[in-house]
Each structure stands twice: as structure tokens, then as C-alpha cells.
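Here are some friendly notes to read alongside the structure. Take them one at a time, and find each place in the viewer as you go.

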Amino acid sequence: MKLYRPDAFEPLINEAWGEHRVRGAIREIVADADAAYRGGGELWPADEWDGWQATVPMKNLYIGAAGVVWALDALRRRGVAETRLDLADAAAATLAAWRQAPDFMAGIELPTRPQSALLSGETGILVVAWRLAPSAELADDLLARVRDNVGNETNELMWGVPGTMLAASAMLGWTGEERWRDAWRESADALWAARDGDGLWTQQLYGETFRSLGAPHGLVGNVRALLHGEDERREERIRRTGEWLVLTAVLEDGLANWPLGEGRGLEATDGEIKVQWCGGAPGIVISAADYLDEELLLAGAELAWRAGAPGLEKGPGICHGTAGNGYAFLKVFARTGDERWLQRARHFAVHALAQVSRLRERRGRGRYSLWTGDVGVALYAADCIDARSAYPVVDSFDW
């Protein structure tokens, strides 16, 4: 049995962690993002994969300008790099551009409420715009998006209620206003009611019906969102999710991986075996680190370490790349206190930053997005400096 495909990974570079060099690489990424910003409605140039069949420039939180603005602000607030951009102005320009031409991918069947999506719709853009320049109008628009998403048939983070719950939770923390607690509770009740009898959720997404275990489209991502608020059902959802992860784990020689969905094998329809945040062991470890059986936690993280760094086709990013897998090591360090995992996370950070440089040289410019691009890698590297394990946005909108 194979838990991963070795040819999808590359050996880690033989370069030691050096905080001074890492800080310099983060500053270089920020300077490149500053230089590439076009202003007005043009924003940042889109990578071919990120902008495929979509209306560019990309604006959304996942692979668009809103994610870049949020990351630049996070790095600035943490004192690791200083952007020259007026980020509030960039966020406002992003929102205006999205309202003029949403960047939904053409040729796929969208959920019924795509505008309200956190990662791919207006909700994430509104959160970033409000955080940089709070206003009653932006807050009201955001609340309307959160409430409009209740009843979305897609029960997952990218498009559905779990994503907009993260927005409501963040706004409650920032403002203390009860309307955000009410909105979170309304969404949590709807998500809880949408479960199947065995505790999983059935997705209706992109014209397909499936039951997923993973972070962006399934069980552990939904539970992560539910754990952001106060709820008497907390212990039950932790227990049942932990049981599902024990039942579905695929084990071999002290390593563990998970299929994309319940009842599936490890191989995806394209023959790939996922080992990344958006599918497979790293995403399970990152999302369920607080409650996952410790033996499985260690086995899943060990798989990511043994596999090595995802190759350049996947890239260095936090979605399906090297930095994303590295967050699994930060999570294990946070839970166990074992310094070996922090050292492994930092080794992945050094490699991811080198991949950013290699790809920038190949393309002639950086890649400007949060989940797939360079600023996500910069955030991961900053988290390795601080030994901080919070996965961006999903764990916290704060810094």
C-alpha cells in the first residue's frame, strides 16, 4: 500500500535555519508585492492557475487581492516587514473591483449563494476592508452576507456557512456586538442541522454530491469553524469527529494518511494521493490537532516529513504546497512541546522560501495570492520565527 507518491515531492535543501536570512526573505516578498501592485482596479497580476477561466484581476480572499492585502497587513502588524502600500485604499479598490466584476470561475456549477462565500465571494473581501477601515456600512454589508449564506447547500469553508461563521466570529471578537454572536449561532444551528445522522456532511458542490473529511470541503474544516464559538454541543462534535478520523485513517509503518472522503481510497480521481492542507494528512493534522488521537497526530505529521517538500508543480504555498504541510509540524510542536517538530517546520520554511525564489526567477515575477502565493509563505516563515501554529484565517483573522 502506498500512502503517498514519492515522485510528487523533492528532497529538502541542505540549508540551515537562520532567522536573519528568513527575515530578509520575508521582506523581499513584501517588496516584490509592493512593486507589482498596479493600483486602481488592476490590483495584482494573476497567476495562470489562479486566474484560469475567471475575471482577472483576482479579488477574493483565497487567490486574490484581498488575501494579499490581509497578509501584508498581518506581516506589518507583527513587525516583520513594512509595506509601502496604503492597504486600506487597496482593500477598498479590491471591493469596488469585485462588485464591478466578481472573479468566479466560469464553466463550473456554483453554489446558490456564491456572493456570500468567505474565500471565493464578497464576505472575505468585506472582512479585510472593514478591518483596515472600519465603517458601519461595511459592517452592515458583511452581516447581510453572513446571514444570506444560512441555508447554503454547500456545507464547507470555501463557499458555505462554516466560512461565514469565521467572519462572524472575527467580528464578534473585534466589536463585541451581540448581533455577531446571534449571526454565528444562527449559522452554527443551520450547519449542525445539516449533518447526516452519522455526523458527516453531504456536499452539493460543482455539480457533484460527496462526503469529504478534509479542511476546505469537509468534516474537519466544519468542526474547526464550530469550535470558534461557545456551544453546548462542543464535546459531542469533538468526540464524533475524532471517532471518524480513527475509522478512516490509513496506516502503514507508523505513518497515516486520510482519503478525501468517506468510503474512498487514497487515490483521487486523477490518480494522485493527496498530502497537503486541502487533502490528506497535513490538513487533518492542522485542523484537528487539538483533539486528534495523539498517535494518529504524530503518524500524520511524520508522513508529511518523510514525503519531503511538494515539488514545484504544487509549489511553496499554504494550500497544497510546502508551507501548508509545514503548519502540521507547528501544530504538533504546539501540542507536544517537542522541539524536533519546530526544527522540522523551520526546515520546511527555508525550503519554501527557496522555492519562492526559484519560481520568481522562472516566471520573472512573484505569485500574488494568500493560499497559493508568496505572501502565504511569508506568513508561514513568520510563524516559524515566533513558533506560532495558527493557520491563517481558518484559525484566526488576527495576527
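How are helix 1 and helix 14 oriented to each other: roughly parallel or roughly antiparallel? Keep that in mind for the opening point, and remember throughout that this is a predicted model.

1. **Helix 1 with helix 14.** Start with helix 1, residues 19-36, and helix 14, residues 374-386; their axes come within 9 Å and cross at roughly 155°. An angle over 145 degrees counts as roughly antiparallel, and therefore helix 1 and helix 14 are roughly antiparallel to each other. Their crossing is left-handed. On the helix 1 side you will find E19, V22, R23, I26, I29 and D32, which meet D374, V375, A378, A381, A382 and I385 of helix 14. Sorted by class, this contact has eight nonpolar, four charged and no polar residues.

2. **I26 and the core.** In soluble globular proteins, nonpolar side chains tend to be buried together. Here, the largest nonpolar core has 141 residues, and I26, W44, W258 and W371 are those with the most contacts inside it. Beyond its neighbours within four places in sequence, I26 is in contact with L75, V80 and A81, and also with A378, A381, A382 and I385.

3. **Helix 8.** Is this helix largely enclosed or left open? Eight of the eight residues of helix 8 (residues 219-226) are buried, so the rest of the structure largely encloses it. The buried residues include N222 and R224 as well as L219, V220 and L226. Among the elements that cover them are helix 6 (161-175), helix 7 (178-193), strand 2 (203-205) and helix 9 (234-248).

4. **Helix 4.** Next, look at helix 4, residues 122-132, where 10 of the 11 residues are buried and the helix is mostly covered. Among the buried ones are E122, T123, W130 and L132. The partners that these buried residues pack against are helix 2, helix 3, helix 5 (136-148) and helix 6.

5. **Helix 11 with helix 12.** The axes of helix 11 (residues 294-307) and helix 12 come within 10 Å, crossing at roughly 145°. This crossing is left-handed. From helix 11, E294, L297, L298, A301, A304 and W305 meet F329, V332, R335 and T336 of helix 12. By class, the contact of helix 11 with helix 12 divides into seven nonpolar, one polar and two charged residues.

6. **T83 in its loop.** T83 lies in the loop between helix 2 (65-77) and helix 3 (87-100). Is T83 buried or exposed? Buried means under 20% relative accessible area, so T83, at 7% relative accessibility, counts as buried. Leaving aside neighbours within four places in sequence, T83 is in contact with V30, D34, L72 and R76. T83 and D73 are 10 residues apart in sequence, and their C-alpha atoms are 8.0 Å apart in space.

7. **Backbone details to check.** Most residues other than glycine have a negative phi, and most peptide bonds are trans. Q53 is not a glycine, yet has a positive phi of about 55°; Q53 sits in the loop between helix 1 and helix 2 and is partly exposed, with a relative accessible area of 37%. V393 is not a glycine either, and has a positive phi of about 65°. You will find V393 in the segment after helix 14, and at 1% relative accessibility V393 counts as buried. Finally, V56 and P57 are joined by a cis peptide bond, with omega about 5°, and P57 is in the loop between helix 1 and helix 2.

Notes
Residues numbered from 1 in each chain as written. Predicted model: local features only at pLDDT ≥ 70, side-chain atom pairs only at ≥ 80, totals over all residues. Heavy atoms only, no water. Core = buried A, V, L, I, M, F, W, Y, C linked by side-chain atoms within 4.5 Å. Buried < 20%, exposed > 50% of the residue type's maximum accessible area, 1.4 Å probe, protein only. Contact = heavy atoms within 4.5 Å. Axes fitted to C-alpha atoms, helices over the stretch in contact; angles between N-to-C directions. Helix = DSSP H or I, 4+ residues; strand = E, 2+ residues; numbered from the N terminus. Parallel < 35°, antiparallel > 145°, perpendicular 65-115°, else oblique. Left-handed = near helix turned anticlockwise from the far one by under 90°. Nonpolar A, V, L, I, M, F, W, Y, C, P; charged D, E, K, R; others polar.
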